[in-house]
Amino acid sequence: MIGIIQKELQEAICVKKAALALSEEVEKAANILIQSLSHGGTIFFCGNGGSAADAQHLAAELVGRFERNRKALPAMALTVDTSIMTAVANDFGYEEIFVRQLEGLAEPGDVLVGISTSGRSSNVVRAMKWGRENSLETIGMTGEKGGDMVPLSSVLLAAPSPHTPRIQELHITWGHILCKLVEEALFPHEP
């Protein structure tokens, strides 16, 4: 077991070291979030499975708090309302569960953060496409190849790994960094 533990940790360390090369892309994503929030925009998150959990986690960090005691920020995970999701899936198809919510809630200047380890999740891809067509900034979080989300992302954060657990670990690390940068920019004097 020790061998497996050390191998997994070493792999995680290597992926995060490789991600240092993407620091400018993370900065661009942070600036998009800061710009939108500064002008009254809302940040929407979506994903499936573990990426849905990440979407909820990051929305909670913005609405609640990350490290600073400050006012709530407008953020929402499109993965949390089971009545909406099941109604839309039943009536329009699973691919539409995020788009339909964006149609009712999003405004130009808002931001959509689409999270998909493969970059090919059809409901996330459709949401990203809708976002681009409707004047939302789009931040894609994917695995190393980016999949279908590459051309749909204002900024693409593609984890340098093909291994889903490593991709997900980096996504939440990037998400925490983004939350920190948002708080630093918008609430510099809060404890």
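## A β-α-β unit

Strand β3, helix α6 and strand β4 form a right-handed β-α-β unit. The model is predicted. Strand β3 covers residues 111–115, helix α6 covers residues 122–133, and strand β4 covers residues 137–142.

## Strand β3 and its partners

Strand β3 pairs with two strands named here. With β4 the pairing is parallel, over 5 bridges.

## Buried on both sides

In a regular strand, side chains alternate between the two faces of the sheet. In β3, V111, V113 and I115 point one way. L112 and G114 point the other way. Is each of these two sets buried or exposed? Both are buried. Since 5 of the 5 residues of β3 are buried, the strand is largely enclosed by the rest of the structure.

## Helix α6 against helix α5

Two packed helices are described by the angle between their axes and the distance between those axes. Helix α5, residues 97–105, packs with α6 at an angle of about 30°. Their axes lie 7 Å apart. Angles under 35 degrees count as roughly parallel, and α5 and α6 are therefore roughly parallel to each other.

Which residues make the contact? From α5 come I97, F98, V99, L102 and E103. From α6 come N123, V124, R126, A127 and W130. The residues of this contact divide into 7 nonpolar, 1 polar and 2 charged.

How values were computed
Residues are numbered from 1 along each chain as its sequence is written. This is a predicted model: local features need pLDDT of at least 70, side-chain atom pairs count only at pLDDT 80 or more; totals for chains, interfaces and linings use all residues. Side-chain values use heavy atoms; hydrogens and water are left out. Axes are lines fitted to C-alpha atoms, for helices over the stretch in contact, and angles run from 0 to 180 degrees between N-to-C directions. Helices (H or I, at least four residues) and strands (E, at least two) are DSSP runs, numbered from the N terminus. Angles under 35 degrees count as roughly parallel, over 145 as roughly antiparallel, 65 to 115 as roughly perpendicular and the rest as oblique. Contact means heavy atoms within 4.5 Å. Ala, Val, Leu, Ile, Met, Phe, Trp, Tyr, Cys and Pro count as nonpolar, Asp, Glu, Lys and Arg as charged, and the others, Gly among them, as polar. Buried means under 20% relative accessible area, exposed over 50%, partly exposed in between (1.4 Å probe, protein chains only). Two strands pair if DSSP finds at least two bridges between them. A crossover is right-handed if, with the strands pointing away from the viewer, the path from the first strand over the helix to the second runs clockwise.
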